[in-house]
Amino acid sequence: MSPAVVVPAALAATHRASSRGSSWIDGLPALAEQQLAAWRLRPDGAARHGMVALVLPVVRADGSAAVLKLQPVTEDTAGEPVGLRVWGGRGAVRLLEHDPDSGSMLLERLTATSLSSVDDDVAAARILAGLLARLSAVPAPPGVRRLSDVAAAMLTDVPEACAQLSDPTQRRLLEHCAGVVEELRGEAGDRLLHWDLHYDNVLAAQREPWLAIDPQPLAGDPCFELMPALHNRWDDVVATGDVAAAVRRRFEAMIEVVGLDRQRAAGWTLGRVLQNCLWDIEDGETGLNDVQVAVAEALIGWAP
């Protein structure tokens with residue numbers, strides 16, 4: 001393998017934590033070589049990575065800059081090229097090539113500067129909301145996961161999750177969130193959602209000031225997209241001294257930009273709290289995350 005292509009130890013460790021991930025990471029060097037050759041790419045800098053993917057800066061045969069993204073094909077990653085194709089570079093990174101068998105993608109190269117670099121968190125939330133408005137302006141294509149199905153699955157999991165909570169106040173909060181989701185799920189929407197639209201998944205670019213990366217496309221209501229921007233950059237929220245007011249400021253800024261109904265947006269945000277809490281309990285937590293509880297308490301009075 002080219003000496004410029006190095007699999008980061010942290011990425012390898014994450015994948016080796018599961019048996020299927022171990023086999024993929026073992027084959028990653030050969031996969032990198034294969035895609036570099038197939039798309040006539042030359043490595044152009046140190047590899048970067050997230051939790052799942054290896055991202056390698058490259059130069060194409062025509063001299064243009066791009067990045068090669070290598071990741072296993074899973075339920076969470078399979079929809080990414082589908083969504084990027086539909087958006088066609090409008091508000092999101094542009095997909096240049098895709099190999100369906102391996103899941104490899106060639107993407108336009110953005111900068112390493114994320115929206116987290118914007119000092120004013122409310123200003124950052126408004127920028128993110130502008131992208132959300134653009135991305136969700138199109139209907140989801142067939143085959144993308146649907147919020148209606150996600151909501152139904154969450155509601156099925158609530159009784160068992162509540163049984164794992166010893167605090168009756170936390171059980172009541174989880175049940176309340178479930179009740180709101182039950183009320184809303186009949187009209188879960190059909191817009192193409194990013195599903196993981198937080199500040200570090202928005203990068204500065206040359207073609208546009210900011211573009212979204214790493215989508216996990218979902219068909220649903222844009223109101224379900226607000227939560228990542230509320231609970232990320234939490235230190236900024238705490239620093240205000242009034243957590244509830246700070247959460248509401250971000251929330252109000254975003255719904256104003258996107259043009260969302262406040263009550264419905266609050267309701268689906270409680271649905272996102274429910275989803276996050278269910279994931280935590282599934283991972284072995286016996287109590288609700290303080291940040292999730294704080295967001296729910298800030299918005300619960302505005303929900304249906």
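Colleague: Let's start with Arg233. Where is the place of Arg233?

Modeller: Arg233 belongs to the loop between H7 and helix H8 (234–239). Keep in mind that we are looking at a predicted model.

Colleague: And what is phi of Arg233 near?

Modeller: General idea to begin with: most residues other than glycine have a negative phi. Arg233 goes against that, with a positive phi near 55 degrees.

Colleague: Is Arg233 buried or exposed?

Modeller: The cut-off for buried is under 20% relative accessible area. Arg233 has 16%, so it is buried.

Colleague: On to helix packing. How are two packed helices described?

Modeller: By the angle between their axes and the distance between the axes. Take helix H5 (residues 147–163) and helix H10 (residues 262–282): their axes come within 10 Å and cross at roughly 55 degrees. That makes H5 oblique to H10. The crossing of the two, H5 and H10, is left-handed.

Colleague: Which residues of H5 and H10 make the contact?

Modeller: On H5, they are Leu147, Val150, Ala151, Met154, Asp157, Val158 and Ala161. H10 brings in Trp268, Gly271, Leu274, Gln275, Leu278 and Ile281. Sorted by class, the contact of H5 with H10 has ten nonpolar, two polar and one charged residues.

Colleague: How do H10 and H11 pack?

Modeller: At an angle of about 160 degrees, with the axes of H10 and H11 10 Å apart. Over 145 degrees counts as roughly antiparallel. That makes H10 roughly antiparallel to H11. H10 passes H11 in a left-handed crossing.

Colleague: Which residues of H10 and H11 make that contact?

Modeller: From H10 you have Ala266, Thr269, Leu270, Val273, Asn276 and Cys277, and from H11 there are Gln292, Val295, Ala296 and Leu299.

Colleague: Now rings. How many aromatic pairs does the structure hold?

Modeller: Two aromatic pairs. To read such a pair, look at the ring centres and at the planes: over 60 degrees apart counts as edge-to-face. For Phe224 and Trp268, the centres are 5.8 Å apart and the planes are at 85 degrees, so the pair is edge-to-face. This pair links distant parts of the chain, 44 residues apart: Phe224 is in the loop between strand S11 (218–220) and helix H7 (227–231), while Trp268 is in helix H10. Trp268 is also one of the H10 residues in the contact with H5.

Colleague: Is Phe224 buried or exposed? And what about Trp268, buried or exposed?

Modeller: Phe224 is buried, at a relative accessible area of 1%. Trp268 counts as buried as well, at 0% relative accessibility.

Colleague: Why is the pair of Phe251 and Trp302 called tilted?

Modeller: Their ring centres are 5.8 Å apart and their planes are at 35 degrees, so the pair is tilted. Phe251 lies in helix H9 (residues 243–258) and Trp302 in the segment after helix H11 (290–299), so the pair ties together parts 51 residues apart in sequence. Phe251 counts as buried, at 0% relative accessibility. Trp302, at 22%, counts as partly exposed.

Colleague: Next, contacts of a single residue. Leaving aside neighbours within four places in sequence, which residues is Arg185 in contact with?

Modeller: The idea is to look for heavy atoms within 4.5 Å. For Arg185 that gives Ser148, Ala151, Ala152, Leu155 and Trp268, once neighbours within four places in sequence are left aside. Arg185 has its place in the loop between helix H6 (168–184) and strand S8 (191–193). It is partly exposed, with a relative accessible area of 31%.

Colleague: Last one, Gln35. Where does Gln35 lie?

Modeller: In helix H2 (residues 19–38). At 3% relative accessibility, Gln35 counts as buried. Its contacts, leaving aside neighbours within four places in sequence, are Leu41, Leu68, Leu70, Asp99, Ser102 and Ser104. Gln35 and Ser102 are 67 residues apart along the chain, and their C-alpha atoms are separated by 9.4 Å.

Notes
Residues numbered from 1 in each chain as written. Predicted model: local features only at pLDDT ≥ 70, side-chain atom pairs only at ≥ 80, totals over all residues. Heavy atoms only, no water. Axes fitted to C-alpha atoms, helices over the stretch in contact; angles between N-to-C directions. Helix = DSSP H or I, 4+ residues; strand = E, 2+ residues; numbered from the N terminus. Parallel < 35°, antiparallel > 145°, perpendicular 65-115°, else oblique. Left-handed = near helix turned anticlockwise from the far one by under 90°. Nonpolar A, V, L, I, M, F, W, Y, C, P; charged D, E, K, R; others polar. Phe/Tyr/Trp six-rings, centres within 6.5 Å; stacked < 30°, edge-to-face > 60°. Buried < 20%, exposed > 50% of the residue type's maximum accessible area, 1.4 Å probe, protein only.
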